[in-house]
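User: I am new to this structure and would like to learn how to read its features. Could you take me through them step by step?

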Amino acid sequence: MHRVLISDPLSEDGIRPLLEAADTEVVQKPSMSEDELLEEVSKADALIVRSQTQVTKELLEHGENLKIVGRAGVGVDNIDLDAATDNGVVVVNAPDGNTISTAEHTMAMLMSLARNIPQSYHSLQEGRWDRKKYVGVELKNKTLGVVGFGRIGRVVTRRAKGHRMNVIAYDPFLTKEKAEKAGVEHGSLDEVLAQADFLTVHTPLIDATHHLINKEAIAKMKDGARILNCARGGIIEEEALYEALQSGKIAGAALDVYEEEPAVGNKLLDLPQVVGTPHLGASTVEAQENVATDVSYDVMEVLRGGNAKQPVNIPSIPEEMQDKLTPYITLSEKLGAFLGSVVRGGLNNINVYYSGELTEVDPTPLTRKVVKSVLQLFVGSRVNDVNSYKIAKDKGIEINEHKSTSTKGFTNLLTVELETDEETRSIAGTLLNGLGARVVRLDGYSVDVIPQGHLISIHHKDQPGAIGRVGSLLAEHDVNIATMQVGRTDIGGAAIMILTVDKEVDPACQEYLAHVPDINRVQYLKL
């Protein structure tokens with residue numbers, strides 16, 4: 001008999017598969033104290049949570065019989081994934097269950113924002129008949145800017161087109177061909193900002209998207225545009241939005257999520273131009289049932305010895321492959337992260353080439369590491385070795401593995417190539433005996449770089465003084481160069497330099513570098 005502990009409130013209909021299973025005992029105890037939770041989890045084979053229960057390292061270590069943790073929802077911020085993996089616990093979630101719910105809520109907020117519905121209803125409650133005060137705008141022929149074209153962004157787009165809106169979308173993975181197939185205009189972030197009458201965000205909250213819509217971004221928008229956020233608090237910089245609403249630059253905002261929740265006392269909600277709801281995007285009967293059902297089936301499957309459909313954490317490498325592959329795990333992650341940080345355009349293909357002794361084993365676990373590290377830069381930490389292939393497939397990205405006997409002078413060589421709709425870039429690395437991981441080629445240039453720390457990649461023209469000007473400018477910004485590698489193909493032609501520096505290089509310094517004579521491209525990254 002498998003014992004399943006449910007520590008947060010869940011839909012009764014959603015967990016019915018568990019309740020009706022003859023080999024499962026379900027224990028529902030929401031709102032337990034910390035001591036009670038530790039005691040209960042020590043007797044459980046599976047744990048199902050929503051967002052209230054914090055699945056910490058301590059909790060996982062108490063779950064001596066724990067085989068799986070199910071999150072009835074998308075985000076797994078409340079689960080220590082590393083600790084789960086260390087303890088051999090599978091983590092699953094339900095990424096599809098609340099797509100319709102969130103998309104419909106976004107449309108409800110869009111309509112409310114356009115027609116001042118909450119404000120006008122409030123005035124009626126206060127005994128006023130303010131028809132002239134609450135004149136709205138039509139959606140027809142307005143442009144909806146969609147930032148983030150994943151599951152929810154695509155569903156919102158279809159509904160907006162039903163209102164005869166024009167849609168322009170930006171997503172790091174969205175190519176012109178994919179946009180055309182979806183019936184939307186493809187745009188850069190700046191183009192979306194400039195054209196949007198209504199701007200809606202549907203991205204995960206990661207380093208790259210934190211305060212993505214900030215003061216500078218808002219300045220690029222039309223006067224009188226409107227902004228929506230039903231995704232994650234923190235994507236929009238609230239102070240910048242507040243100032244833009246006060247000045248009239250932004251005509252209104254509809255917010256379901258906030259930088260700090262509960263958002264009681266948030267000054268944005270005091271503004272008459274703002275429509276707000278308390279994080280209700282996934283709060284429908286159907287969504288709560290869907291996510292609970294999805295997780296219930298995965299829990300049963302794993303407890304019965306099968307494979308989960310929606311695993312989130314890292315699988316172990318088969319024992320017979322560990323000696324060969326384990327030393328290359330870090331290298332594969334670093335190569336993917338390096339190249340993913342510098343490539344431009346919508347990603348189409350990830351190609352991974354293996355040479356030397358690596359051709360003697362199945363290198364798929366390394367390929368998963370590469371794919372994960374590339375996608376994490378755009379999708380966030382929810383991408384891992386298990387789900388990276390599915391996410392790539394969902395986004396139309398093709399993954400290709402190649403084996404070759406040509407090692408170019410190295411015992412083993414691992415090469416990553418990324419093809420986008422703008423360019424193709426490659427990076428190659430190996431392990432040097434006693435020296436560890438090394439990048440040995442970048443875009444055809446021979447280099448010798450340790451893939452860690454603060455790095456600056458610079459494409460430049462091979463002219464006297466170019467390197468000196470870069471060094472002088474960094475010195476002016478108090479940035480110390482630790483190492484420098486320079487590669488070229490022809491004297492006086494295109495060249496590359498890769499610098500390891502001692503600290504983060506701020507955007508202003510990067511901008512100055514980009515305008516140094518003979519410098520064509522500057523990219524800072526941290527590994």
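Predicted model: local features only at pLDDT ≥ 70, side-chain atom pairs only at ≥ 80, totals over all residues.

User: In what order do the strands of the open sheet lie?

Analyst: Strands of a sheet pair through backbone hydrogen bonds, either parallel or antiparallel. Helices (H or I, at least four residues) and strands (E, at least two) are DSSP runs, numbered from the N terminus, and two strands pair if DSSP finds at least two bridges between them. Here seven strands, with parallel pairing, form an open sheet in the order E8-E7-E6-E9-E10-E11-E12. Strand E8 (185-186) and strand E12 (274-276) are at the edges with a single partner strand each, so one side of each has no neighbour in the sheet.

User: How many bridges join E10 to E11?

Analyst: Five bridges join E10 to E11, and the two run parallel; within this pairing Asn 229 stands opposite Leu 255 in E11. E9 and E10 are also paired in the parallel sense, over four bridges, and there Thr 200 has Leu 228 in E10 as its bridge partner. Strand E11 (residues 250-255) is joined to E12 by three bridges, with Ala 254 opposite Val 275 in E12.

User: Are the residues of E10 buried or exposed?

Analyst: Buried means under 20% relative accessible area, exposed over 50%, and partly exposed in between (1.4 Å probe, protein chains only). Five of the five residues of E10 are buried, so E10 is largely enclosed by the rest of the structure. Ala 225, Ile 227 and Asn 229 point one way from E10, whereas Arg 226 and Leu 228 point the other way.

User: At what angle do helix H17 and helix H18 pack?

Analyst: Axes are lines fitted to C-alpha atoms, for helices over the stretch in contact, and angles run from 0 to 180 degrees between N-to-C directions; contact means heavy atoms within 4.5 Å. Helix H17 (residues 466-476) and helix H18 (residues 507-514) pack at about 155°, with their axes 10 Å apart. Angles under 35 degrees count as roughly parallel, over 145 as roughly antiparallel, 65 to 115 as roughly perpendicular and the rest as oblique, and H17 and H18 are therefore roughly antiparallel to each other.

User: Which residues of H17 and H18 meet?

Analyst: Val 470, Leu 473 and Leu 474 in H17 meet Cys 509, Tyr 512 and Leu 513 in H18.

Technical notes
Residues numbered from 1 in each chain as written. Heavy atoms only, no water.
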